Amino acid sequence: MVFSSTVFLFIFLPVTYILYLVCRNLKVRNIILIIASLFFYAYGEPKAVLLMILSIIANYLFGLGMDGRHKKLLLTLSVIFNLLMLYVFKYLSFSASLVNDITGLGIPVPQIALPVGISFFTFQAMSYVIDVYKQPELKERNILNIFLYISLFPQLIAGPIVKYSDLAEQIRKREITIEKTTLGIRRFIYGLAKKMLIANTMGEIADTAFNSPSSEMSAGALWIGAAAYMMQIFFDFSGYSDMAIGLGKMFGFEFKENFNYPYSSDSMQSFWRRWNISVSTWFKEYVYIPLGGNRKGKLRTSINKIIVFFLTGLWHGANLTFIVWGLLHGLFLMLEQYGVIFFVKDKYRKNPAGSIISHIYVILVAMFAFVFFRAESIGDACGYIAGMFANFGGEYILSSNVFSLAFTPYAIITLVFAVIFSTDIVRRISEKLRAANKAALSEYIGSGVTLALFVLCVMNLFTASYNPFIYFRF
């Protein structure tokens, strides 16, 4: 079940929320959310829900044993269990295919369906056991609380990944207020609009470009496709995160922010402090720091970063293209660290020219890396990027397909709004209105925009057929 569907918006969410409001007892409310979350997941993954339940029970038991003398052994077993489950369902087929390609052995490639969101709930479960190992006071004896923590439907499918220490107290004590509910609904609608009105529009353009042979596309069409995908993935994922955070507020939970205008970054280091914050934080806390972080010299720090970005790419998908995507980001972070890319240093970014160059650099690196992220193979990605610089002149018969989608009035207006909303311009205007004692005006404008966006989303929902969520496959 996806948030941007009629079943969720007009049946599941209203029924769940009304039942939640009617019941005043917090324990009963938690049980309602558990049942609703399991139904939410089982709606699209009826078999995979058993896998998630197995993961919850296993990690709960691992956590229980963290106060004994064998806790290091249990920690090791828990990590092996979680990674093995992730490997079997996400990487086994990929591994067999890769071995066949390298050796020609002809190993049978198992066809295993990828459970939606397995990377997210597995990492969340792992973080619980690891944190209990470090801080035994976090151990939870009530299995229902662990069920709610891991299966909570707002962030189950595509994050943000939440640490148990951030949610434990909220599971035991939280409240719903009119203000929090209003903010939650507004945040949800903003995320829905990002998804329905911007990401989907950009996605149609990107799919047309990437699904066509790059040799038959002009450089202009290829650049448009790459830029469209860059906007699609940001508004798709940040939109989902907005919806998750908004839904959390409606049920009394506070989730941390997952995106902070990454396309406004002036270095790749800044980009990764702003992009998919919960995942990058997870790898920092549970991989980078245990490897030694930056405490063992520059060479070791570089190796640690390469390992982290290799794993970050692999986490996103079972394909070499994702690994290349991750390694590219790691490479540019190292180039910045060693001063090879010098213009991202503070003394250069303080002047307007240096700031512009730094921003353009980040956008270009992110765009070219996302070509690998979107392409089916490394060869396709390289061909696509080569075409962006070589395919000038001549007749490229498929380019018209991209241009006809990209240069409609609706697409152009959508792109303008995409550029605006990928920066913090709106937030700054709102803050200035509040600082000028015009909070009421800001509130009226916000309410009017929210209502208009919801109407547009509903109209779009009933008329559009294109509605994928990119991060569901992770």
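Phe40 and Phe153 are both buried, where buried means under 20% relative accessible area, exposed over 50% and partly exposed in between, with a 1.4 Å probe and protein chains only. The model is predicted: local features need pLDDT of at least 70, side-chain atom pairs count only at pLDDT 80 or more, and totals for chains, interfaces and linings use all residues. Residues are numbered from 1 along each chain as its sequence is written, and side-chain values use heavy atoms, with hydrogens and water left out.

**Aromatic pairs**

Rings of Phe, Tyr and Trp (its six-membered ring) pair if their centres lie within 6.5 Å; planes under 30 degrees apart count as stacked, over 60 as edge-to-face and the rest as tilted. By this rule there are 55 aromatic pairs. Two of them are tabulated here.

| Pair | Centre to centre | Angle between planes | Class |
|---|---|---|---|
| Phe40 and Phe153 | 5.6 Å | 45° | tilted |
| Tyr41 and Phe121 | 6.1 Å | 90° | edge-to-face |

Phe40 lies in helix α2 (residues 26-44) and Phe153 in the loop between α6 (143-151) and α7 (164-172), so this pair ties together parts that are 113 residues apart in sequence. Helices (H or I, at least four residues) and strands (E, at least two) are DSSP runs, numbered from the N terminus. The pair of Tyr41, in helix α2, and Phe121, in helix α5 (residues 118-134), also links distant parts of the chain, 80 residues apart. Tyr41 has 2% relative accessibility and therefore counts as buried; Phe121, at 2%, is buried as well.

**Charges over rings**

A charge sits over a ring if NZ of Lys or CZ of Arg is within 6 Å of the ring centre and within 35 degrees of the ring normal. Arg29 lies over the face of Tyr20, at 4.7 Å from the ring centre. Lys90 is placed over the face of Trp315, at 5.5 Å from the ring centre.

**Ser218**

Ser218 is in the loop between α8 (178-210) and α9 (219-250). Its relative accessibility is 13%, so Ser218 counts as buried. Neighbours within four places in sequence aside, Ser218 is in contact (heavy atoms within 4.5 Å) with Asn391, Tyr396, Ser399 and Phe403.

**Nonpolar surface patch**

Phe10, Ile11, Val15, Leu19 and Phe462 make a nonpolar surface patch of about 500 Å². Patches are made of residues with over 30% relative accessible area and no salt bridge; like charges are joined within 9 Å, nonpolar side chains (Val, Leu, Ile, Met, Phe, Trp, Tyr) within 5 Å. Helix α1 (residues 6-22) gives the largest share of the patch, four residues. Ile11 is found in helix α1.

Terms used:
Areas by Shrake-Rupley, 256 points an atom, 1.4 Å probe, with all protein chains shown as cover. Salt bridge = Lys/Arg side-chain N within 4 Å of Asp/Glu carboxyl O.
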